[in-house]
Amino acid sequence: MWNISTNKDVLVLIRNSRGSKVLKELFGDFLNGVLNSDCYSAYGKFKAKEYQKCWAHILRDVKDLAKHNEEGVELHKMLLRMYNYIKKVKQEKQEDTPRVKAWVRRAKKKIISWLDKNWESKAVLNLILRITKYSDDWFTCLKYPYVEPTNNSSERDIRKNVIARKISGQHRSELGMRSREIMMSTILTLRKRNKNPFGFVQNKIEKYNLGPGPPNI
(Lines give C-alpha, C1' and ligand atoms only; values in the text may rest on other atoms or scores of the structure.)
Protein backbone atom coordinates (compact mmCIF):
# COMPACT_ATOMS: atom_id res chain seq x y z
CA MET A 1 0.00 0.00 0.00
CA TRP A 2 1.32 3.41 -1.03
CA ASN A 3 0.36 6.79 0.39
CA ILE A 4 1.47 9.83 -1.62
CA SER A 5 0.51 13.16 -0.14
CA THR A 6 1.05 16.91 -0.34
CA ASN A 7 -0.28 19.57 2.01
CA LYS A 8 -3.70 19.40 0.32
CA ASP A 9 -3.95 16.10 -1.53
CA VAL A 10 -3.61 12.38 -0.78
CA LEU A 11 -3.39 9.51 -3.26
CA VAL A 12 -3.71 5.96 -1.96
CA LEU A 13 -2.49 3.15 -4.22
CA ILE A 14 -2.46 -0.61 -3.75
CA ARG A 15 0.14 -2.38 -5.87
CA ASN A 16 1.95 -5.70 -5.91
CA SER A 17 5.30 -3.90 -5.74
CA ARG A 18 7.24 -1.84 -3.22
CA GLY A 19 9.72 -0.83 -5.92
CA SER A 20 10.47 2.48 -7.61
CA LYS A 21 8.38 1.46 -10.65
CA VAL A 22 5.29 2.58 -8.72
CA LEU A 23 6.76 6.08 -8.40
CA LYS A 24 7.55 6.06 -12.14
CA GLU A 25 3.96 5.06 -12.82
CA LEU A 26 2.85 8.24 -11.02
CA PHE A 27 5.50 10.80 -11.88
CA GLY A 28 7.29 9.46 -14.95
CA ASP A 29 11.08 9.31 -14.87
CA PHE A 30 11.55 12.48 -12.84
CA LEU A 31 9.81 14.39 -10.05
CA ASN A 32 10.39 18.13 -10.34
CA GLY A 33 10.03 18.67 -6.63
CA VAL A 34 11.03 17.42 -3.19
CA LEU A 35 10.48 13.75 -2.34
CA ASN A 36 10.04 13.35 1.42
CA SER A 37 10.53 9.75 2.58
CA ASP A 38 12.38 7.38 4.86
CA CYS A 39 15.62 5.70 3.75
CA TYR A 40 13.97 2.78 1.97
CA SER A 41 16.08 2.03 -1.12
CA ALA A 42 13.26 2.33 -3.69
CA TYR A 43 13.05 6.09 -3.09
CA GLY A 44 16.75 6.54 -3.76
CA LYS A 45 16.42 4.75 -7.11
CA PHE A 46 13.81 7.25 -8.26
CA LYS A 47 15.06 10.57 -9.60
CA ALA A 48 13.72 13.73 -7.99
CA LYS A 49 14.90 17.32 -8.00
CA GLU A 50 15.61 17.12 -4.26
CA TYR A 51 15.06 14.74 -1.36
CA GLN A 52 14.16 15.08 2.31
CA LYS A 53 14.79 12.12 4.59
CA CYS A 54 12.56 11.57 7.60
CA TRP A 55 14.03 12.63 10.94
CA ALA A 56 11.40 10.70 12.90
CA HIS A 57 12.64 7.39 11.47
CA ILE A 58 16.32 8.03 12.13
CA LEU A 59 15.68 9.36 15.64
CA ARG A 60 13.59 6.28 16.44
CA ASP A 61 16.42 4.00 15.30
CA VAL A 62 19.12 5.83 17.22
CA LYS A 63 16.93 5.95 20.34
CA ASP A 64 16.76 2.16 20.25
CA LEU A 65 20.55 1.99 19.97
CA ALA A 66 20.92 4.34 22.93
CA LYS A 67 19.24 1.73 25.13
CA HIS A 68 22.12 -0.68 24.58
CA ASN A 69 25.42 1.23 24.52
CA GLU A 70 27.06 4.58 25.27
CA GLU A 71 27.94 5.25 21.63
CA GLY A 72 24.25 5.09 20.82
CA VAL A 73 23.58 7.59 23.61
CA GLU A 74 26.22 9.95 22.20
CA LEU A 75 24.86 9.74 18.66
CA HIS A 76 21.30 10.19 19.87
CA LYS A 77 22.24 13.41 21.67
CA MET A 78 23.99 14.84 18.59
CA LEU A 79 21.10 14.05 16.25
CA LEU A 80 18.54 15.32 18.72
CA ARG A 81 20.34 18.68 18.96
CA MET A 82 20.25 18.97 15.17
CA TYR A 83 16.57 18.10 15.02
CA ASN A 84 15.67 20.57 17.77
CA TYR A 85 17.41 23.30 15.80
CA ILE A 86 15.45 22.31 12.68
CA LYS A 87 12.16 22.51 14.59
CA LYS A 88 13.12 25.93 15.95
CA VAL A 89 13.87 27.26 12.45
CA LYS A 90 10.58 25.89 11.12
CA GLN A 91 8.61 27.39 14.01
CA GLU A 92 10.23 30.79 13.51
CA LYS A 93 9.84 30.55 9.71
CA GLN A 94 13.52 31.33 9.15
CA GLU A 95 14.12 28.90 6.28
CA ASP A 96 16.87 29.67 3.77
CA THR A 97 18.30 32.63 5.69
CA PRO A 98 22.11 33.18 5.63
CA ARG A 99 22.36 32.10 9.27
CA VAL A 100 20.52 28.86 8.60
CA LYS A 101 22.51 28.13 5.43
CA ALA A 102 25.74 28.50 7.41
CA TRP A 103 24.43 26.13 10.09
CA VAL A 104 23.48 23.54 7.45
CA ARG A 105 27.01 23.61 5.99
CA ARG A 106 28.47 23.00 9.44
CA ALA A 107 25.97 20.24 10.19
CA LYS A 108 26.77 18.39 6.96
CA LYS A 109 30.50 18.57 7.70
CA LYS A 110 29.88 17.25 11.21
CA ILE A 111 27.91 14.29 9.87
CA ILE A 112 30.67 13.39 7.41
CA SER A 113 33.27 13.68 10.19
CA TRP A 114 31.52 10.87 12.09
CA LEU A 115 33.02 8.46 9.55
CA ASP A 116 36.50 9.24 10.89
CA LYS A 117 35.67 8.10 14.40
CA ASN A 118 36.46 4.54 15.47
CA TRP A 119 33.03 3.34 16.50
CA GLU A 120 33.17 0.12 18.51
CA SER A 121 29.50 -0.75 18.05
CA LYS A 122 28.76 -2.27 14.64
CA ALA A 123 25.09 -1.29 14.95
CA VAL A 124 26.03 2.35 15.56
CA LEU A 125 28.49 2.29 12.66
CA ASN A 126 25.83 0.90 10.31
CA LEU A 127 23.50 3.72 11.30
CA ILE A 128 26.30 6.26 10.77
CA LEU A 129 26.84 4.85 7.26
CA ARG A 130 23.15 5.28 6.49
CA ILE A 131 23.11 8.85 7.81
CA THR A 132 26.21 9.89 5.88
CA LYS A 133 24.92 8.24 2.69
CA TYR A 134 22.07 10.75 2.71
CA SER A 135 24.01 13.66 4.21
CA ASP A 136 22.62 16.09 1.60
CA ASP A 137 19.03 15.03 2.23
CA TRP A 138 18.49 15.74 5.93
CA PHE A 139 18.25 19.53 5.68
CA THR A 140 16.20 20.24 2.53
CA CYS A 141 13.36 21.23 4.85
CA LEU A 142 15.45 24.24 5.89
CA LYS A 143 15.32 25.58 2.33
CA TYR A 144 11.55 25.50 1.83
CA PRO A 145 8.74 26.42 4.26
CA TYR A 146 6.42 23.79 2.77
CA VAL A 147 8.82 20.85 3.31
CA GLU A 148 8.52 19.08 6.66
CA PRO A 149 11.47 17.36 8.38
CA THR A 150 9.45 14.14 8.74
CA ASN A 151 6.95 12.17 6.69
CA ASN A 152 4.74 11.61 9.75
CA SER A 153 1.63 12.84 7.96
CA SER A 154 1.82 10.08 5.34
CA GLU A 155 2.73 7.52 7.99
CA ARG A 156 -0.41 8.36 9.97
CA ASP A 157 -2.58 8.19 6.85
CA ILE A 158 -1.25 4.83 5.71
CA ARG A 159 -1.58 3.35 9.21
CA LYS A 160 -5.34 3.95 9.08
CA ASN A 161 -5.54 2.15 5.74
CA VAL A 162 -3.49 -0.82 6.92
CA ILE A 163 -5.71 -1.26 9.99
CA ALA A 164 -8.88 -1.03 7.85
CA ARG A 165 -7.46 -3.57 5.39
CA LYS A 166 -6.69 -6.04 8.19
CA ILE A 167 -10.13 -5.64 9.76
CA SER A 168 -11.86 -6.21 6.41
CA GLY A 169 -9.77 -9.32 5.68
CA GLN A 170 -7.83 -7.93 2.72
CA HIS A 171 -9.31 -7.32 -0.76
CA ARG A 172 -10.71 -10.22 -2.71
CA SER A 173 -11.26 -8.55 -6.07
CA GLU A 174 -9.73 -5.96 -8.34
CA LEU A 175 -12.89 -3.85 -8.01
CA GLY A 176 -12.68 -3.91 -4.21
CA MET A 177 -9.05 -2.86 -4.32
CA ARG A 178 -9.67 0.02 -6.72
CA SER A 179 -12.74 1.11 -4.73
CA ARG A 180 -10.59 1.24 -1.58
CA GLU A 181 -8.03 3.43 -3.39
CA ILE A 182 -10.68 5.91 -4.53
CA MET A 183 -12.55 5.97 -1.22
CA MET A 184 -9.47 6.50 0.98
CA SER A 185 -7.89 9.02 -1.42
CA THR A 186 -11.12 11.05 -1.32
CA ILE A 187 -11.57 10.86 2.47
CA LEU A 188 -7.96 11.72 3.33
CA THR A 189 -7.80 14.56 0.79
CA LEU A 190 -10.98 16.17 2.14
CA ARG A 191 -9.71 15.89 5.71
CA LYS A 192 -6.52 17.69 4.72
CA ARG A 193 -8.72 20.44 3.28
CA ASN A 194 -10.75 20.63 6.52
CA LYS A 195 -13.91 19.37 4.84
CA ASN A 196 -16.36 16.74 6.02
CA PRO A 197 -15.75 13.74 3.72
CA PHE A 198 -19.09 12.07 4.50
CA GLY A 199 -21.04 15.26 3.89
CA PHE A 200 -19.15 15.76 0.62
CA VAL A 201 -19.88 12.24 -0.65
CA GLN A 202 -23.53 12.42 0.44
CA ASN A 203 -23.94 15.71 -1.42
CA LYS A 204 -22.45 14.21 -4.59
CA ILE A 205 -24.69 11.13 -4.36
CA GLU A 206 -27.80 13.26 -3.86
CA LYS A 207 -26.93 15.40 -6.87
CA TYR A 208 -26.29 12.28 -8.94
CA ASN A 209 -29.63 10.70 -7.92
CA LEU A 210 -31.54 13.86 -8.72
CA GLY A 211 -30.14 13.95 -12.22
CA PRO A 212 -30.41 17.04 -14.44
CA GLY A 213 -34.09 17.50 -13.47
CA PRO A 214 -36.46 20.06 -14.97
CA PRO A 215 -35.15 23.52 -15.80
CA ASN A 216 -35.55 26.19 -13.13
CA ILE A 217 -38.36 28.64 -14.01
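**View 1. Asp-96 and its salt-bridge partner.** In this predicted model, Asp-96 is partly exposed, its relative accessible area being 37%. The side chain of Asp-96 meets that of Lys-101 in a salt bridge, with an N to O distance of 3.9 Å. Lys-101 is likewise partly exposed, and its relative accessible area is 40%. This pair belongs to a set of 13 salt bridges found when the whole structure is searched.

**View 2. The salt bridge between Glu-25 and Arg-15.** The two side chains come together at 2.7 Å, N to O. Glu-25 is part of helix H1, which covers residues 21–27, whereas Arg-15 lies in the loop between strand S2 (10–13) and H1; the pair therefore ties together parts that are ten residues apart in sequence. Glu-25 counts as partly exposed, at 46% relative accessibility. Arg-15 is also partly exposed, with a relative accessible area of 24%.

View 3. Arg-178 forms a salt bridge with Glu-174, and the closest N and O atoms of the pair are 2.8 Å apart. Both residues belong to helix H8 (residues 174–192), where they stand four residues apart and are thus separated by about one helical turn. Arg-178 is partly exposed at 28% relative accessibility, and Glu-174 is partly exposed with a relative accessible area of 48%.

Terms used: Residues numbered from 1 in each chain as written. Predicted model: local features only at pLDDT ≥ 70, side-chain atom pairs only at ≥ 80, totals over all residues. Heavy atoms only, no water. Salt bridge = Lys/Arg side-chain N within 4 Å of Asp/Glu carboxyl O. Helix = DSSP H or I, 4+ residues; strand = E, 2+ residues; numbered from the N terminus. Buried < 20%, exposed > 50% of the residue type's maximum accessible area, 1.4 Å probe, protein only.
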